[in-house]
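Here is a colleague's note for someone opening this structure for the first time. Please keep the view beside the text while reading.

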Amino acid sequence: MAEDLDSAKPWLGRLEHARKEMQDWQTAADNIDKAYSDMGHLRSAARDREFALFWSNIQIIGPSIYARPPEPVVTPKFKDRRPLYRTASEFLERCTKISLDLADIDQQMIAARDDLCISGRAVMWVRYEDEEDGERVCYEHVDRKDFLSDPARYWDEVDWVANGAWMRPDDIKERFGEKGRDLVERLQK
């Protein structure tokens, strides 16, 4: 187990560096969240004299960013009317529609849209699952505190991204086997 920790040290250092780089932004976003959800202030008597400009801006800007689930359209790049290309594009379009419907993409996109409006950044995570009952593509909104990336000026310069996951001890053991059991035992001590 000690050798596993040694091999993880470079990655743990990168994650900590990314956390430090994002700390000021996270603090500002926390303050915005706190002000945006301050129910005590919203219920106060002085509230009648104030305009909820931030809330109203979010309600107006939000639908201009995202209003409804996407309608996939897949067409062949080359318009030479070959039946194989038309059939393949129709097949891909149908698969994409079904994938978006099964994943309830609308709720994930609304959560990402709200993050973008409120804190200026939204993250969607797409992953592929291959289980005994079949394969599927999962679309997930990632909370701003669960996402880290290599600090960079432009997305092209980012070398790695990380997504935190909330897992129960049984899920950790099942997913990671013996190493997961060791980790859970150490955390429970």
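This is a predicted model: local features need pLDDT of at least 70, side-chain atom pairs count only at pLDDT 80 or more; totals for chains, interfaces and linings use all residues.

The points below go through charge pairs, surface patches, cysteines and one serine.

1. **Salt bridges overall.** Side chains of opposite charge can pair when their charged atoms come close. How many salt bridges does a search of the whole structure find? The search finds 14.

2. **Asp30 and Lys145.** These two form a salt bridge, and their closest N and O atoms are 3.1 Å apart. Asp30 sits in helix 1, which covers residues 2-36. Lys145 sits in the loop between strand 2 (134-142) and strand 3 (147-149).

3. **Arg127 and Glu140.** Here the closest N and O atoms of the salt bridge are 2.4 Å apart. Arg127 belongs to strand 1 and Glu140 to strand 2. The two are 13 residues apart, and the pair links distant parts of the chain.

4. The side chains of Asp171 and Arg168 meet in a salt bridge of 3.3 Å, N to O. Asp171 is partly exposed, with a relative accessible area of 28%. Arg168 counts as exposed, at 57% relative accessibility. Elsewhere, salt bridges that share partners join Asp30, Asp33, Arg144 and Lys145 into one network.

5. **A negative patch.** Which residues gather in a patch of negative charge on the surface? They are Asp130, Glu131, Glu132, Asp133 and Glu135. Take Asp130 as an example. Asp130 is found in strand 1, residues 123-131. Its relative accessibility is 56%, so Asp130 counts as exposed. The cut-off for exposed is over 50%.

6. **A nonpolar patch.** Which helix gives the most to the nonpolar patch? Helix 3 (residues 53-65) does, with 3 residues. Ile61 has its place in helix 3. With a relative accessible area of 42%, Ile61 is partly exposed.

7. **Cysteines.** The structure holds 0 disulfides. Cys95 is partly exposed, with a relative accessible area of 36%. Cys138 counts as buried, at 7% relative accessibility.

8. **Ser149.** Ser149 lies in strand 3. Is Ser149 buried or exposed? Its relative accessible area is 18%, so Ser149 is buried. Buried means under 20%. Ser149 and Asp159 are 10 residues apart in sequence. In space they are 7.8 Å apart, C-alpha to C-alpha.

9. **Where to look again.** Strand 1 holds Arg127, from the pair with Glu140. Strand 1 also holds Asp130, one of the residues in the negative patch.

Technical notes: Residues are numbered from 1 along each chain as its sequence is written. Side-chain values use heavy atoms; hydrogens and water are left out. Patches are made of residues with over 30% relative accessible area and no salt bridge: like charges are joined within 9 Å, nonpolar side chains (Val, Leu, Ile, Met, Phe, Trp, Tyr) within 5 Å. Accessible areas come from the Shrake-Rupley method with a 1.4 Å probe; for residues, only the protein chains shown count as cover. A salt bridge is a side-chain nitrogen of Lys or Arg within 4 Å of a carboxyl oxygen of Asp or Glu. Lys and Arg count as positive and Asp and Glu as negative; His and the chain ends are not counted. The place of a charge is taken as NZ of Lys, CZ of Arg, CG of Asp or CD of Glu. Helices (H or I, at least four residues) and strands (E, at least two) are DSSP runs, numbered from the N terminus. Buried means under 20% relative accessible area, exposed over 50%, partly exposed in between (1.4 Å probe, protein chains only). A disulfide is a pair of cysteine sulfur atoms within 2.5 Å.
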